[in-house]
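Below is a brief report on one model.

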There are 4 protein chains.
Amino acid sequence: MIAGPCSVESKQQTLEIAHAVKEAGAVGLRGGAFKPRTSPYAFQGLAEKGLQILAEAREQTGLAIVTEVMAVDQVKLVTDYADVLQVGARNMQNFNLLNAVGEARKPVLLKRGMSATLEEFLLAAEYIMSKGNSQVMLCERGIRTYEEYVRNTLALAAVPELHRVSHLPVVIDPSQGTGKNHLVDSMCRAAVAAGADGLIIEVHNDPEHAMTDGAQSITPKQFDDMMKAIRRIALAVDREV
Amino acid sequence: MIAGPCSVESKQQTLEIAHAVKEAGAVGLRGGAFKPRTSPYAFQGLAEKGLQILAEAREQTGLAIVTEVMAVDQVKLVTDYADVLQVGARNMQNFNLLNAVGEARKPVLLKRGMSATLEEFLLAAEYIMSKGNSQVMLCERGIRTYEEYVRNTLALAAVPELHRVSHLPVVIDPSQGTGKNHLVDSMCRAAVAAGADGLIIEVHNDPEHAMTDGAQSITPKQFDDMMKAIRRIALAVDREV
Amino acid sequence: MIAGPCSVESKQQTLEIAHAVKEAGAVGLRGGAFKPRTSPYAFQGLAEKGLQILAEAREQTGLAIVTEVMAVDQVKLVTDYADVLQVGARNMQNFNLLNAVGEARKPVLLKRGMSATLEEFLLAAEYIMSKGNSQVMLCERGIRTYEEYVRNTLALAAVPELHRVSHLPVVIDPSQGTGKNHLVDSMCRAAVAAGADGLIIEVHNDPEHAMTDGAQSITPKQFDDMMKAIRRIALAVDREV
Amino acid sequence: MIAGPCSVESKQQTLEIAHAVKEAGAVGLRGGAFKPRTSPYAFQGLAEKGLQILAEAREQTGLAIVTEVMAVDQVKLVTDYADVLQVGARNMQNFNLLNAVGEARKPVLLKRGMSATLEEFLLAAEYIMSKGNSQVMLCERGIRTYEEYVRNTLALAAVPELHRVSHLPVVIDPSQGTGKNHLVDSMCRAAVAAGADGLIIEVHNDPEHAMTDGAQSITPKQFDDMMKAIRRIALAVDREV
């Protein structure tokens, strides 16, 4: 269970959320220091300062840090700070970046491209593994369809299908996967019941004022409630959160 | 919980499946007597003879009959035999048919069109309700996307979203919704965890020789195992199967 | 070249448009008397009164009438008035309607469903032809995708592909196929250059006040300009408008 | 008009095609030296050796070289050889690469991502332009949809829409945009009629034995015939090839 803000915005924000999600039972802290943004004029992240804040949050809470690396020349820096390197959906077929994280000695959370087939997804993982890094987690984060009430259509059938054709763990991102915080809780429950190996969730202490992705972030209180709910579902499918 | 064959093929087949799913805990029996087929040269269903077989299955098992009505001039006949009138995905915007089932005195299971938005889906239900029939169940059965490993992409986020904007019960069809029998079990679990009010599943005693949709049908044994699994999940979300 | 209003709204509106498109070179007049509407509370068309208006327009202009038939029990009535029976996208797999127009003795303009494959489209035509009516025109009217700047994505590659696998004429509907009147002109030019056998275009004398689909209707003046442009393109591909 | 092989495979192949397309009227030569491939085990291109071959082809024919740059650390090298830097669809939101080509002093051909909206496409161009490089060409190369008879759905309405909202030239790639060589000719004609400012086409002297994308490559003879056809259409829309 990985939770945290979309972006690292400030030390105070990050630490507050880190403590809250730790208490609710998270084991990983997500948070973007380098942000891939559609517009060049949007907030691009705090860069190394953001990584330092994440490192401090790890020190205080013991949470593993999961953060995105966007470019080959960031791999060394991010590897120095993070426990898990995230490759974002827009970079799923940035093959040079895949090769670079394949040479890193940290686990990689690989997000599915927004219209990638499962075959393309698995071959992207293969780029990483063929360079010697076998610690790859596959993250379904919704695909782009004609649907309008969600930002993406979360394709949960990917969980059993990926388990059928690959040994890699499957993580679900219901925040990006729906784009709506009122749908996150149900999709977390469904993901656990479907057999997902992990969840990565956007939690913000003040979603309405989040610098990025407020509409899909839940509050620490909602996160805590949800954790209780999914613990029960996990038990019902003979797993543990 | 509604289960049964895609098509009513024969009396023996239907009764055998009906008894099996009844024993495993189903309350409804699905089975098509009138089959909407992409090709005019494919098996089109047994028509009234199929309805008679379904009626006999009801008599023997007590299961409610859910079967498709494809045309305005079939409404009277199907109403005479069935407990629930199903309107298929291809007919979701067959407005004359919607009006006709709106005048019938039986509940309607309305399937979402394969690329319908939720707004279009709800307005199709509104056609039925505006004619005086308020017993409408909304059935998500997967949408058409670029994905190749499934026949349709099951959009489970529709469950909480439809519950948010409508009072109507939501039924999930994981058989049509994935098109692959090895994905049905996981998607049933996920649907229950997401809060679905019902499931409709294709069960066949000999999927490999089914006249229609064998690839997405599970066996009575698999159905029985799945029922046990989802009863546990239902308990974990404070519901009962 | 078929042109006319989305809906028949009144005698004056229809006759005015009919004369204008006739003068610009159209050979067919389109116009809906029975309108398939997403909402039951929206304008549903003038029904037989609309058909009578269309018949009068034919008498005055000599234009052939192309109008939609939505239900089996309308087939006889519409056949009495129209020269071409249109089956709408939402009814492309309304198999009973396909059978009914297959028994009619008038040409059929069959619109592609909004997410139909070409195989499904051709098999829908096969329903009509297998009943003895071989006068089927295939109409591409855009498919539903994730794109936002258009109502539908006009898939012009369907023109050469349908010509490759079928002998049936292919008609393009750039009005429905884009949903934006400022894109209609370019898509008409492109359709002619791609080899389309016909065009069906929404023309309205007052698009801003049209009862239906004003945003995708062009004016008679724009239609006239466009006709001049596509005549030149037709010549460049050795055809004639 | 840009034409040439998908990949630079050998000196002989490239020079032969270059001479042929030059003679037919092309002004640019396309050809990949660095190839973004779905699988890490597929042919990845000849790298700098490929660039040298392209440079020799330019010397012999005078054609401008258009070739893909896949990574930030290739920008300098590719800039040394190429006349136009191509950014591929998979890299449309590789923001570091966009920034890097924005700092290069060569024109950029930016391909639309396979499920990018036009807004995302234009904002990707904005990344390049905000770094000071205003010579950006927008290339529509088909979007990913449910359609099965094509590899991608070529969305020609993008031509007039991009012209309406941007001053940038629009280039159409019918080879990638359909994935089928028998559809390329018609889509080139349609693109010109729709107002496209350029075309980029895969031409191979032996499509059946091409190392990459043979199914969508046309022969030099077909290219020559097509050039004649589109010259006529260009005249009909008051343009010149």
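How many residues does the contact take from chain A and from chain B? The contact takes 35 residues from chain A and 35 residues from chain B, where contact means C-beta atoms, placed from the backbone, within 7 Å. On the side of chain A that touches chain B, helix 8 of chain A gives the largest share, nine residues. By class, that side of chain A has 21 nonpolar, eight polar and six charged residues.

This is a predicted model: local features need pLDDT of at least 70 and side-chain atom pairs count only at pLDDT 80 or more, while totals for chains, interfaces and linings use all residues. Residues are numbered from 1 along each chain as its sequence is written, with chains lettered from A and ligands numbered from 1 in the order written.

Next, a helix pair in chain C. Helices (H or I, at least four residues) and strands (E, at least two) are DSSP runs, numbered from the N terminus. Helix 8 and helix 9 of chain C pack at about 25 degrees, with axes 9 Å apart. They are therefore roughly parallel (angles under 35 degrees).

| Helix of chain C | Residues |
|---|---|
| Helix 8 | 181-194 |
| Helix 9 | 220-236 |

Now helix 4 of chain C. Seven of its nine residues (95-103) are buried, so helix 4 is largely enclosed by the rest of the structure. Buried means 20 or more other C-beta atoms within 10 Å of the residue's own. Among the buried residues are C:Phe95, C:Leu98 and C:Val101. The buried residues of helix 4 pack against helix 3 (75-81), strand 4 (84-87), strand 5 (108-111) and helix 5 (118-130) of chain C.

How values were computed:
A residue is buried if 20 or more other C-beta atoms lie within 10 Å of its own, exposed if 12 or fewer, and partly exposed in between; C-beta atoms are placed from the backbone. Two residues are in contact if their C-beta atoms, placed from the backbone, lie within 7 Å. Ala, Val, Leu, Ile, Met, Phe, Trp, Tyr, Cys and Pro count as nonpolar, Asp, Glu, Lys and Arg as charged, and the others, Gly among them, as polar. Axes are lines fitted to C-alpha atoms, for helices over the stretch in contact, and angles run from 0 to 180 degrees between N-to-C directions. Angles under 35 degrees count as roughly parallel, over 145 as roughly antiparallel, 65 to 115 as roughly perpendicular and the rest as oblique.
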